[in-house]
Each structure stands twice: as structure tokens, then as C-alpha cells.
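Here are some notes to read alongside the structure if you are meeting it for the first time. Please keep the 3D view open as you go through them.

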Amino acid sequence: HLVESGGGLVQAGGSLRLSCTDSGRFFVSYTIRWFRQAPGKERESVAAIKWNGDDTRYADSVKGRFTLSRDNTENTVNLKMNSLKPEDTAVYYCAALPGRLWPPSAPYKYWGQGTQVTVSS
């Protein structure tokens, strides 16, 4: 279902844009959440965007630096990451919550394979 892209290696202070795309026809009803997992750490929520795009939530650690947007005509959610820090290094996953649900707290049904983000100091 979901495919992430856009990861890579960037210096601290730099920017990346991650994308989450879906080939199905129900993307418009999916709340999308980004998670990340660093080596030896538990998975954490990064940000979420409502199925219709009119609300977002961010973890405190990324607030003001990361921005979510979505284009339901392209079945895409973008996570723009600015002012990256070494502690942002992780595998980033997008996940979908079907059924036009919000707030984004229910278990997520579909997951991507992840994309690596590495921020060098």
C-alpha cells in the first residue's frame, strides 16, 4: 500500500522532504501518521495529518521544524523537515488509519517499508 521516499544523508541544519504515496483508491479517507525509529530506541510518533488535510499534529521535538501537507489528487503526503538535527536520525515510516478517523489515535492498519534519514553533525 504505502511507499515512503525522500530519505538520505544531510548535514545538521539541512532539509529533506519525505513523501508517502499510495496506489489505492481510498487514500482520501486515510489519516496519515509519520513515525520514526532510531537504533536501540522505541518507535515514536512524529506527525499526523487528517484525512482531509485540515488538521495536523506534531511531536514537541519537531514542532516548528517539520511541516506536513497532503495532496489527495496525487495520493501523497509530504513531510518537510527543516533545521534537521543529528537526533532526527532514524528510519521514518508512514502509516495509514482508514475510515476518515480523527484524532489520529487508533491503531494504524497500513505501513510503509520505511526510509532512512541520517543527519550528520
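The points below go through this predicted model topic by topic.

1. Leu2 has Asp22 in strand 3 as its bridge partner.

2. **Strand 4 and its partners.** Do look at strand 4 next, where six of the seven residues are buried. Seven bridges connect strand 4 with strand 9, and the two run antiparallel; here Thr31 stands opposite Leu97 in strand 9. Strand 4 is also joined to strand 5 by five bridges, again in an antiparallel arrangement. In that pairing Ile32 stands opposite Ile49 in strand 5. The hairpin made by strand 4 and strand 5 has six residues between the strands, and Gly40 takes a positive phi near 75° there.

3. **The disulfide.** How many disulfides does the model have? The count comes to one. The bond joins Cys20 to Cys94, with an S to S distance of 2.1 Å. The angle about the S-S bond is 70°, and the link of Cys20 and Cys94 is right-handed. Cys20 belongs to strand 3 and Cys94 to strand 9, so this pair links distant parts of the chain, 74 residues apart. Cys20 and Cys94 are both buried.

4. The structure holds four aromatic pairs. In one of them, the ring centres of Tyr30 and Tyr110 are 5.7 Å apart and the planes meet at 45°, so this pair is tilted. Tyr30 sits in the loop between strand 3 (16-22) and strand 4 (31-37), while Tyr110 is in strand 10 (residues 110-111), so the pair ties together parts that are 80 residues apart in sequence. Tyr30 counts as buried, with 3% relative accessibility. Ring pairs also link Phe27, Tyr30 and Tyr110 into a cluster.

5. **Phe35 and Tyr108.** Here is another pair to look at: the rings of Phe35 and Tyr108 have centres 5.7 Å apart and planes at 80°, so the pair is edge-to-face. Phe35 lies in strand 4 and Tyr108 in the loop between strand 9 (90-97) and strand 10, so parts that are 73 residues apart in sequence are tied together. Phe35 and Tyr108 are both buried.

6. **Charges over rings.** Which residue lies over the face of Phe35? That residue is Arg43, at 5.3 Å from the ring centre. Elsewhere, Trp51 has the charged end of Arg100 over its ring, 5.1 Å from the centre.

7. **Lys50.** Is Lys50 buried or exposed? Lys50 counts as buried, because its relative accessibility is 18% and the cut-off for buried is under 20%. You will find Lys50 in the loop between strand 5 (44-49) and strand 6 (56-58). Leaving aside neighbours within four places in sequence, Lys50 is in contact with Thr31, Asp55, Arg70 and Trp102. The C-alpha atoms of Lys50 and Tyr30 are separated by 7.6 Å, and these residues are 20 apart along the chain.

8. **A cis peptide bond.** Trp102, one of the contacts of Lys50, is joined to Pro103 by a cis peptide bond with omega of about 5°. Pro103 is in the loop between strand 9 and strand 10.

9. Asn75 is not a glycine, yet has a positive phi of about 50°. Asn75 lies in the loop between strand 7 and strand 8 (76-81), and is buried at a relative accessible area of 16%. Ser83 is not a glycine either, and has a positive phi of about 50°. Ser83 is in the loop between strand 8 and strand 9, and is partly exposed, with a relative accessible area of 40%.

Conventions: Residues are numbered from 1 along each chain as its sequence is written. This is a predicted model: local features need pLDDT of at least 70, side-chain atom pairs count only at pLDDT 80 or more; totals for chains, interfaces and linings use all residues. Side-chain values use heavy atoms; hydrogens and water are left out. Rings of Phe, Tyr and Trp (its six-membered ring) pair if their centres lie within 6.5 Å; planes under 30 degrees apart count as stacked, over 60 as edge-to-face and the rest as tilted. Helices (H or I, at least four residues) and strands (E, at least two) are DSSP runs, numbered from the N terminus. Buried means under 20% relative accessible area, exposed over 50%, partly exposed in between (1.4 Å probe, protein chains only). A charge sits over a ring if NZ of Lys or CZ of Arg is within 6 Å of the ring centre and within 35 degrees of the ring normal. Two strands pair if DSSP finds at least two bridges between them. A disulfide is a pair of cysteine sulfur atoms within 2.5 Å. Contact means heavy atoms within 4.5 Å.
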